[in-house]
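This report goes through selected features of one protein chain. The sequence and the structure come first, and the description follows.

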Amino acid sequence: MELFNLKDHNEQVSFTEAVLRGIGREQGLFFPDRIEPLSDLDELLSLPLVPRSQRILRHLIGSEIPNLEAIIEDAFSFRAPVVKADENIYCLELFHGPTLAFKDFGARFMARVLGSVRGEQHLTILTATSGDTGAAVAAAFYEQPGIDVVVLYPEGKISVLQEKLIATLGKNVRAVRIKGIFDECQDLVKTAFDDLSFKQQIGLNSANSINISRLLAQVCYYFEAVAQLDEKEREHVVFSVPCGNFGNLTAGLVAKALGLKARFVISCNANDTVPRYLKSGVWDPHQTIATLSNAMDISRPNNWPRVEALCRMMGWPLSSFDYGSMTDSETEETMRRLYQKTGYIAEPHAAIAYQTLQNSLKPGETGIFLGTAHPAKFKSDVERILSTSLELPQTLQQRSQLPLKAVSLPADYAGLKAYILKELGR
Ligand SMILES: *Cc1c(COP(=O)(O)O)cnc(C)c1O
């Protein structure tokens with residue numbers, strides 16, 4: 001697979017290099033400049049998730065990664081069912097993995113690909129999290145040989161459950177509670193990546209959402225969704241994607257470029273930079289505001305250049321997207337309306353995608369909104385809004401009983417660096 005830096009087309013890398021480097025010069029994203037469509041789509045759709053995903057990713061990646069098939073079998077070990085939520089509307093439930101978030105797909109695939117391409121090199125994943133990503137990355141890299149993980153999170157600023165998912169693993173996963181806010185955690189990570197000799201010494205990698213491997217893994221579940229529909233429903237499919245950094249949407253558009261027949265609805269919360277841009281043509285990010293759907297609280301989505309590049313490459317006008325954005329009170333109303341109508345429980349991110357989909361859907365179309373997190377991950381909000389009580393899935397219940405193994409450190413780079421070097425025995 002050939003990828004190019006979207007800011008400097010002279011920088012060309014293989015898939016392996018793109019995975020190891022994450023980002024290119026001048027913070028440019030890596031992306032292919034052509035995508036060959038799949039030739040045997042009907043046959044592919046008749047296959048189960050794992051063999052189908054093996055064919056799709058082998059087609060995209062080419063001959064790199066000799067053990068790609070085994071990686072996929074190991075990474076995609078849980079289901080992504082399409083569940084009826086309303087008339088002509090389904091939820092693609094992507095939350096049946098180990099941390100109950102769709103990020104498990106990308107993180108598990110990336111962990112295994114990195115394990116395969118690192119060679120003899122020892123790697124250290126350093127990531128700052130305000131919740132979901134850190135949990136998915138920690139779980140995905142747990143017990144991966146030759147790779148250590150350090151997750152930083154702001155003390156008291158993530159949910160009890162999220163902290164349990166990050167800080168009860170141990171072994172090669174270190175959880176570091178920073179006495180500060182999320183931005184300070186992120187600054188510490190940035191400082192570490194700018195510390196070139198340290199970066200070299202410990203083989204630093206970020207595992208963040210701009211890594212191309214995470215994105216490619218997500219392409220597969222769009223096919224999985226369509227494969228679960230009947231022939232007639234497959235004719236006019238509409239996906240509604242709850243967007244934060246727009247990685248999930250990019251993956252869906254790659255599936256479309258590969259030949260999957262569908263149109264896409266962009267769903268945002270009050271952080272609506274893209275919907276306003278599509279309406280006015282002016283890119284004008286506002287201050288990010290906190291909402292119920294906090295994984296979408298992003299006003300400068302870092303995958304947007306990939307969406308534009310792909311649309312340019314395929315000749316799709318940006319005006320072909322439908323889009324919508326919702327306030328918290330609209331989100332709550334939607335959750336209640338859907339629950340009362342059909343009994344389906346959607347957490348805030350999925351609820352936004354459901355409502356913008358319903359607003360956009362035309363007669364004869366089949367809608368699929370992406371369920372990006374399990375409702376139990378937002379237990380207290382969902383229980384308050386729907387006046388009901390939710391049970392924690394068994395894996396979460398067990399994890400929530402375990403003691404925390406986190407250390408606490410001040411938001412100070414020298415202290416963090418000393419801690420990491422000591423832990424890694426350097
Ligand atoms: C990360 C996340 C999103 C946003 O996905 P992007 O790929 O960043 O657009 C939506 N919902 C949930 C629950 C998430 O964790």
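## Aromatic pairs and a cluster

Rings of Phe, Tyr and Trp (its six-membered ring) pair if their centres lie within 6.5 Å. The model described here is predicted. By the rule for rings, the count comes to 15 aromatic pairs. One of them joins F76 and F109, with 6.5 Å centre to centre and 45° between the planes, and this pair is tilted. The pair links distant parts of the chain, 33 residues apart: F76 is in the loop between helix 4 (68-75) and strand 4 (82-86), and F109 is in helix 5 (residues 103-117). F76 has a relative accessible area of 4% and is buried. F109 is buried as well, with a relative accessible area of 0%.

Y221 and Y222 form a tilted pair too, 5.5 Å centre to centre with 35° between the planes. Y221 counts as buried at 0% relative accessibility, and Y222 is buried with a relative accessible area of 0%. Which residues make up the aromatic cluster? One cluster is formed by F76, F78, F105, F109, Y221, Y222, F239 and F264.

## Helix 4 with helix 5

Two packed helices are described by the angle between their axes and the distance between the axes. The axes of helix 4 and helix 5 cross at roughly 145° and come within 9 Å. Their crossing is right-handed.

On the side of helix 4, the residues that meet helix 5 are L68, I71, I72, D74 and A75. Their partners in helix 5 are R108, F109, R112, V113 and S116. By class, this contact has six nonpolar, three charged and one polar residue. F109 of this contact is also a member of the aromatic cluster.

## Helix 3 with helix 10

Helix 3 (residues 49-61) packs with helix 10 (residues 212-227) at an angle of about 135°, and their axes are 10 Å apart. The two helices are therefore oblique to each other. Helix 3 passes helix 10 in a right-handed crossing.

Helix 3 makes the contact through L49, R52, S53, I56, L57, L60 and I61, and helix 10 through L216, V219, C220, F223, E224 and A227. Ten residues of the contact are nonpolar, two are charged and one is polar.

## Helix 6 with helix 7

Helix 6 (residues 132-141) and helix 7 (residues 160-167) have axes 8 Å apart and pack at an angle of about 25°. Angles under 35 degrees count as roughly parallel, so helix 6 is roughly parallel to helix 7. The crossing of these helices is left-handed.

The contact is made by D132, G134, A135 and A138 of helix 6, together with Q162, L165 and I166 of helix 7. These residues divide into four nonpolar, two polar and one charged.

## Helix 19 and its surroundings

Which residues of helix 19 (residues 413-423) are buried? They are Y413, L416, Y419, I420 and L421. These buried residues pack against several elements, among them strand 6 (123-128), strand 7 (147-154) and strand 8 (173-179). The others that they pack against are helix 8 (182-194), helix 9 (196-202) and strand 14 (407-410). Just after helix 19, G425 takes a positive phi of about 70°.

I65 lies in the loop between helix 3 and helix 4. Its phi is near 60°, a positive value in a residue other than glycine. I65 counts as buried at 4% relative accessibility.

S387 is placed in the loop between helix 17 (379-386) and helix 18 (394-401). Phi of S387 is near 45°, again a positive value in a residue other than glycine. S387 counts as exposed, at 68% relative accessibility.

## D328

Is D328 buried, partly exposed or exposed? D328 belongs to helix 15 (residues 328-342) and is partly exposed, with a relative accessible area of 28%. Not counting residues up to four places away in sequence, D328 touches A290, T291 and L292. D328 and T291 are 37 residues apart in sequence, and their C-alpha atoms are 6.4 Å apart in space.

Note on methods
Residues numbered from 1 in each chain as written. Predicted model: local features only at pLDDT ≥ 70, side-chain atom pairs only at ≥ 80, totals over all residues. Heavy atoms only, no water. Axes fitted to C-alpha atoms, helices over the stretch in contact; angles between N-to-C directions. Helix = DSSP H or I, 4+ residues; strand = E, 2+ residues; numbered from the N terminus. Parallel < 35°, antiparallel > 145°, perpendicular 65-115°, else oblique. Left-handed = near helix turned anticlockwise from the far one by under 90°. Contact = heavy atoms within 4.5 Å. Nonpolar A, V, L, I, M, F, W, Y, C, P; charged D, E, K, R; others polar. Buried < 20%, exposed > 50% of the residue type's maximum accessible area, 1.4 Å probe, protein only. Phe/Tyr/Trp six-rings, centres within 6.5 Å; stacked < 30°, edge-to-face > 60°.
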